[in-house]
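This report looks at one residue and its surroundings, and then at the contact between two chains.

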2 protein chains.
Amino acid sequence: MDRSKVRPGRIRPAPENFLDADSLDAIRRGQIDEDRRSFIRKSFLAATAAMAAPAAMAAGDGDEHILNLPPWSKKLGYPVAHNPYGQPSKYESNLVRRTSPGLAATDQANVAFSPLQGMFGIITASGLHFERHHQGWVDIDPAKHRLMINGLVDKPRVYTMDDLMRLPSVSRIHFVECGANSAMEWGNAAVPTVQYTHGMLSGNEYTGVLLSTLLEDAGFDEKKAKYLLAEGADGSSMTRTIDIERALDDAMVAYGSNGEMLRPENGYPLRLVVPGVQGVSWVKWLRRLEVGDQPYATKDETSHYVDLMPDGMQRQYTSIHEAKSVITTPSGGQKLLTQGYYNVSGLAWTGRGHIKRVDVSVDGGRNWHTARLEEPVLPKALTRFNIDWVWDGGPAILQSRAIDSTGFVQPTYSQLRDARGSRSIYHNNAIQSWQVSENGEVANVHVG
Amino acid sequence: MDRSKVRPGRIRPAPENFLDADSLDAIRRGQIDEDRRSFIRKSFLAATAAMAAPAAMAAGDGDEHILNLPPWSKKLGYPVAHNPYGQPSKYESNLVRRTSPGLAATDQANVAFSPLQGMFGIITASGLHFERHHQGWVDIDPAKHRLMINGLVDKPRVYTMDDLMRLPSVSRIHFVECGANSAMEWGNAAVPTVQYTHGMLSGNEYTGVLLSTLLEDAGFDEKKAKYLLAEGADGSSMTRTIDIERALDDAMVAYGSNGEMLRPENGYPLRLVVPGVQGVSWVKWLRRLEVGDQPYATKDETSHYVDLMPDGMQRQYTSIHEAKSVITTPSGGQKLLTQGYYNVSGLAWTGRGHIKRVDVSVDGGRNWHTARLEEPVLPKALTRFNIDWVWDGGPAILQSRAIDSTGFVQPTYSQLRDARGSRSIYHNNAIQSWQVSENGEVANVHVG
């Protein structure tokens, strides 16, 4: 199967245009309301009509098709545990992380983006988890790794990994997004695919120890403690300030991800997990937590990961992700080969509470339709949405808009730029638009 | 880090016996009730006391420890996308699937078990998903794969993978368990570790198309249709009968698992997902669904995957998993090196509804204590439980007991054998017992 980088093969022709003129016009105007559902249903069914079985089958002789066996049905396969640790199919070699050419001077301080256009659900396969390093990734011997807790504590601690893995553990599904996700889009629609517009985003089930457990263990000073400093063991010594309230709420030190130990490029053997907060604070290769009474004003929170506002001032310590969403299929670089039914699918997430609703527009934001949310819908986790759409062959602009449980509504680019200008790097949560041309090509545009 | 097959390294010493005689006795009798919680909390805190920072730190000179930097803190690491598709740490090479020596004559018709003793949460890393094949696994070219729907339908269909991936999609988290999981345990406690007692069990987020969508598309005969035949494309032509009610409820054809395409050994590019039903019915490499009006009585449902009852008769078509659970840590083959606090962790699951409660006993079933369930608790999905335990150094027998939303209570071995004898192979959901000896060794035993 010839899958290009953007997997256009997943967008396939409907066999014929079965829509009447009135229906086409209604859809062009975006009238996919409840009354249109049965119509869409029919469109979907008609769309598959040409997939009907060959003539021999229709004549009742379906066995002919089946008896013409492919080679894999006639041979002995590979044994169990042929790969003691399993790997993807050889046909999936294009579904990989990618860097963006020219984005960074060195790949040790760069980004590898997740191929969201070919991914499903709310769990990110660990092999496809995005990467963002400041001095490259390391594979630390867990027997030699230590976590120190010091500062405003009665009993400073140094834990081994085995110590940590004995403590009360929790498992929770959360999203992690780099604060610089969608960074290249502040000025204009700059990159071609959803891998590059939104691919610094992953969802995982983390297992570890709550910070509240560790801070209690160390006897932190409940009156004076206001902030934590988290420090990583890689060459960059990444250091970030965390509010103590957030630390005591749902933050954790995680050793497990998606049922196994963390991957080296994601912080093995230990990383900080701060649900809802930008990824840079989820310090990887975590070696130290210091309890303090004021923000630490480290390099990566005073000069980087700050927001350049329209008045020229820098806004610091804006770390919580506001509600955001993106359609992953169809998306930039893909091509709709013919008219007909499409399942429009995407992701929504928020750093506050949970996703309440996702609206989808096919006409650039004039009309909105409520998407189906796949269960489970969890706090500070990715939420998968799906909605039916019949493409009539005319131009269309696909958008999704997330609303979270606090009532926050994902902004348009106009709204975002009105508040924050267009010279920022971080914290871009504007509505993403995918323009479908009459030839079916899907492109990144900024609308609304 | 030296991790043996059973990762005893995860079970580490508590530094000292800090318990008084009365407390020891209370725990020996299993009295971990609500009144004991604060005591356990203290035990946990005391257990970590000896992890205190070295003398230099206590003297306020913690920097000495930090400045003595390990090599990974002083070098440039690997670049992003060094592995475009990521891999586990080199230190995790013991966490793999394994076969059980002598279990099958050929590894093309064998089992590879998941290492549950070293796994976390409710999502199974795809590289560790258990394997059970009947003629080996194959890596099918998805461009050449077809799914046929025939039988009692108006419009027989042949779908390509691209056709299927265009249809309305759903994403859902479910468990899959081989009907022969725990098979070797019917007679007595036969195998040493949880990898072999319960390792034919995995949990995944599946993405695909509901069977109800496909059957509607094919125009199935709603009056006559009672059963489906599902058929695989591997050399074994695995064929299984599925009730039409179950098919129309929550069954699906899945192409995605944990955010990416299925792995070859798990049915790439397409498998049937029948939530709550034993794994053999989740036909891998799915190539055909036939709608019929009676069970198909295939080899793998009439002579295999049947229950030999005490009266010598075979019970067929018993495919739904009843509630079951197992403690994965501590578990067989591990060793508790000293007394003190332990986090007891395990999995519970049911083919009907969802897990309502998990009870844990440390005294072989005389007293039971309610475990914490990690969110999310989903229908027909793995549920992770955790509970605090302080080991006093005396003999103990650890057990877990699942209760599901239908009120079903996981049976003891006595109860199971009273109903079904001891000569079965399949559908063993008895309570698992792990015996902790005074020397800390944990062994598989049958109790109760």
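## Position and burial of B:Asn444

In this predicted model, B:Asn444 sits in strand S23 of chain B, which covers residues 442-445. The relative accessibility of B:Asn444 is 11%, so the residue counts as buried, the cut-off being under 20%.

## Surroundings of B:Asn444

Two polar partners are found for the side chain of B:Asn444. One is the side chain of B:Glu185, with a polar contact at 3.0 Å. The other is the backbone oxygen of B:Val191, which is 2.8 Å from a polar side-chain atom of B:Asn444.

Beyond four places in sequence, the residues in contact with B:Asn444 include B:Glu185, B:Ala189, B:Ala190, B:Val191 and B:Pro192. B:Thr197, B:Gln432, B:Ser433 and B:Trp434 are also among them.

## Interface of chain A and chain B

The interface brings 124 residues of chain A into contact with 123 residues of chain B. About 11,000 Å² is buried between the two chains, and carbon and sulfur atoms contribute 59% of this area. On the side of chain A, the residues that lose the most area to chain B are A:Trp72, A:Val80 and A:Arg166, which together account for 9% of what that side buries.

How many salt bridges are counted between chain A and chain B? The count is zero. Polar contacts across the interface number 49 residue pairs, with both residues at pLDDT 80 or more. On the side of chain A that touches chain B, 57 residues are nonpolar, 33 are polar and 34 are charged.

Definitions and conventions: Residues numbered from 1 in each chain as written. Chains lettered and ligands numbered in written order. Predicted model: local features only at pLDDT ≥ 70, side-chain atom pairs only at ≥ 80, totals over all residues. Heavy atoms only, no water. Contact = heavy atoms within 4.5 Å. Buried area = accessible area lost by both parts, 1.4 Å probe. Salt bridge = Lys/Arg side-chain N within 4 Å of Asp/Glu carboxyl O. Polar contact = N/O pair within 3.5 Å; in protein donor to acceptor, adjacent residues only side chain to side chain. Nonpolar A, V, L, I, M, F, W, Y, C, P; charged D, E, K, R; others polar. Helix = DSSP H or I, 4+ residues; strand = E, 2+ residues; numbered from the N terminus. Buried < 20%, exposed > 50% of the residue type's maximum accessible area, 1.4 Å probe, protein only.
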